[in-house]
Amino acid sequence: MGIHQCVGQRVARLEAETLLTALARRVGHLELAGEPRRHLDNTLRSWASLPVRIRPAS
């Protein structure tokens, strides 16, 4: 029996890293715009759960 590899999860992580890298180049300032709303499993699942204010880089 071989080890099962979840390719979808690896692709999703690569896509997220690519997106966040591109976003980081364009963001000059990021701050919380309210209290984060945590879920029972202690994750933040959507932008509504982590309200932020973003200012573009100059």
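**Figure 1. Surface and overall make-up of the protein.** The accessible surface of the protein comes to about 5500 Å², and 59% of this area belongs to carbon and sulfur atoms. Accessible areas come from the Shrake-Rupley method with a 1.4 Å probe; for residues, only the protein chains shown count as cover. This is a predicted model, in which local features need pLDDT of at least 70 and side-chain atom pairs count only at pLDDT 80 or more, while totals for chains, interfaces and linings use all residues. Residues are numbered from 1 along each chain as its sequence is written, and side-chain values use heavy atoms, with hydrogens and water left out. Of the 58 residues of the protein, 2% count as buried (under 20% relative accessible area; exposed is over 50%, and partly exposed lies in between).

Figure 2. The protein has 1 helix and 2 strands, which follow the pattern α-β-β along the sequence. Helices (H or I, at least four residues) and strands (E, at least two) are DSSP runs, numbered from the N terminus.

**Figure 3. R53 and its surroundings.** R53 lies in strand β2, which covers residues 52–56. With a relative accessible area of 41%, R53 is partly exposed. Leaving aside residues up to four places away in sequence, R53 touches H29, L30, E31, L32 and A33; contact means heavy atoms within 4.5 Å. From C-alpha to C-alpha, R53 and G34 are 9.2 Å apart in space, although 19 residues separate them in sequence.

**Figure 4. The side chains of R53 and E31.** These two side chains make a polar contact at 2.7 Å. A polar contact is a pair of N or O atoms within 3.5 Å; within protein, one must be able to donate a hydrogen and the other to accept it, and residues adjacent in sequence count only if both atoms are side-chain atoms.

Definitions and conventions: Buried means under 20% relative accessible area, exposed over 50%, partly exposed in between (1.4 Å probe, protein chains only).
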